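Here is a short report on selected features of one protein model. Please keep the sequence and the structure in view while reading.

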Amino acid sequence: MTLLSIIGGQPAPNLLAFLQLRPSQLVLIHTEDSVKQAEDFRGLLLTEYGLSDGAVRLREFPATDPAQIQQKAAALAAELCSDGEACCLNYTGGPKPLAVQLYLAFRDAGAELLYVDTQEERMWRTAGAVHTEIPFSFQLRVKEVLFLKGTAIKEIGKLETLKKRLPLCRWLAENRETDGVKSLLSGAAAFRNAPVYKTPDWRPNLEAGPLTVFTDAVNPTQLEVSFAGQLFPQKKRTYWAEVFAGGWLEDLVCSWLSETGEYDDVQANVKIRPDSGTEKQRGSKMEDTVKNEIDVMAVKNAVPLFAECKAGRVDQKAITNLFSIMETYGPRYRQGALISWYPVTNTVLLEKLRDYGISLIQGPGLNQIEREVKGLWERIVVRV
């Protein structure tokens, strides 16, 4: 099948149409103003879905001149619909004069027509006089869910790295309340949250069971961390501060969600590229900017779950940040979960969680937290 898609300001209808039909050939119709979006979308299809260079073609059309559009549309319809191969026009995006003329030309040529309703999360497929409603049902990855919101990933935690340090994270959780480990993790949190890093601020020295952490005498900013005989490298100055301050809980939550086998994709430490988002995402002022880091994100049947992990005190900002992420980067159906190591007892915070529809999983008890995190998939909204 050959799929034609009109490139507009939103990438969602184009990607969802591709995922639904899985065509062998694509023609991306763009105007002079949307050529960059068309090239970016073509690049995504080639790099992420393995399509060949010749399988994705670009065709430029006028944006508003009905006569010119009509002439070019008729010629393109005759070219593509005369080969005997199935052809479908996705007329969702683009300027209205362009969409109308393409719709008429390809309808008259006998092609199928497709409209993607992202608001109601369904598609309408038209073949002759038959109109078929298709509810959204995609196995999307985290990258694709964010792409549908016009957002790119700047950096993402490597699952191989998370897997290697998982025994260390589990041990930290099991020994979280012992004096030595508690001091180590508290110091890491203070160092990570400091507005300015200074060399003497955090120079840990701990030998507890299988864990050894100490500062290099020559280079105080370099930490040596050894666990169960394995030496872990320090990737950047704040690397271990981030792991010890709360990254250990994020790693555990990510692994627990993955172990259920219920999700199409699970990722941790997802950092958003802010310059690729909308003005709403970037914010007009620094204080208006939506937090561009997601602790853990999972996707089940195109429904994303955003998880905020708090190894320390939960405040109103943490809840507001999570809700902003859900609203900005999630579709209509999305879930949020706050995983807190310590119990949340403040009635105002509990009420805010209820108002925002955020699930709360809280300690004490590592096994209890693990059990409830693994059961989160049962709360995912099932769309019918």
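## A buried serine

S34 is buried, because its relative accessible area is 6% and the cut-off for buried is under 20%. The model is predicted. S34 sits in the loop that connects β2 (25-30) with α2 (35-49). A polar atom of the S34 side chain lies 2.9 Å from the backbone nitrogen of T31.

## Helix α2

Which residues of α2 are buried? They are A38, F41, L44, L45, L46 and Y49. These buried residues pack against α1 (12-21), β2, β3 (56-60) and α5 (142-147). G50 follows α2. The phi of G50 is positive, near 70°.

## Helix α8

Helix α8 covers residues 179-193. At 1.5 Å a residue, its 15 residues should span 21 Å. The end C-alpha atoms of α8 are 21 Å apart, which agrees. The buried residues of α8 are V181, L184, L185, A188 and F191. Seen down the axis of α8, they fall within an arc of 125°, so they line one face of the helix.

What covers the buried residues of α8? The cover includes α7 (166-174), β9 (205-208), β10 (211-215) and α9 (239-260). The face of α8 turned away from the buried side looks otherwise. There, D179, S183, A190 and N193 are exposed.

Strand β13 runs from residue 265 to residue 273. Eight of its nine residues are buried, so β13 is largely enclosed by the rest of the structure.

One partner of β13 is strand β8 (residues 152-155). The two run antiparallel and are joined by three bridges. Within this pairing, I153 has I272 of β13 as its bridge partner. Strand β14 (residues 293-300) is also joined to β13. Here there are six bridges, and the strands again run antiparallel. K271 has E293 of β14 as its bridge partner.

## Aromatic pairs

Ring pairs come next. With ring centres within 6.5 Å as the cut-off, the count comes to eleven aromatic pairs. One of them joins Y91 and Y103. Their ring centres are 4.9 Å apart and their planes are at 80°, so the pair is edge-to-face. The pair links distant parts of the chain, with the two residues twelve residues apart. Y91 is in the loop between β4 (87-90) and α4 (96-108), and Y103 is in helix α4. Y91 counts as partly exposed because its relative accessibility is 22%. Y103 also counts as partly exposed, at 24% relative accessibility.

W202 and F244 form another edge-to-face pair. The distance is 6.4 Å centre to centre, with 75° between the planes. This pair, too, links distant parts of the chain: its residues are 42 residues apart. W202 lies in the loop between α8 and β9, and F244 in helix α9. Are these two residues buried or exposed? W202 is buried, with a relative accessible area of 10%. F244 is buried as well, with a relative accessible area of 0%.

Technical notes. Residues are numbered from 1 along each chain as its sequence is written. Side-chain values use heavy atoms; hydrogens and water are left out. Helices (H or I, at least four residues) and strands (E, at least two) are DSSP runs, numbered from the N terminus. Buried means under 20% relative accessible area, exposed over 50%, partly exposed in between (1.4 Å probe, protein chains only). A polar contact is a pair of N or O atoms within 3.5 Å; within protein, one must be able to donate a hydrogen and the other to accept it, and residues adjacent in sequence count only if both atoms are side-chain atoms. The expected span of a helix is 1.5 Å times one less than its number of residues. The arc is that of the directions from the helix axis to the C-beta atoms. Contact means heavy atoms within 4.5 Å. Two strands pair if DSSP finds at least two bridges between them. Rings of Phe, Tyr and Trp (its six-membered ring) pair if their centres lie within 6.5 Å; planes under 30 degrees apart count as stacked, over 60 as edge-to-face and the rest as tilted.
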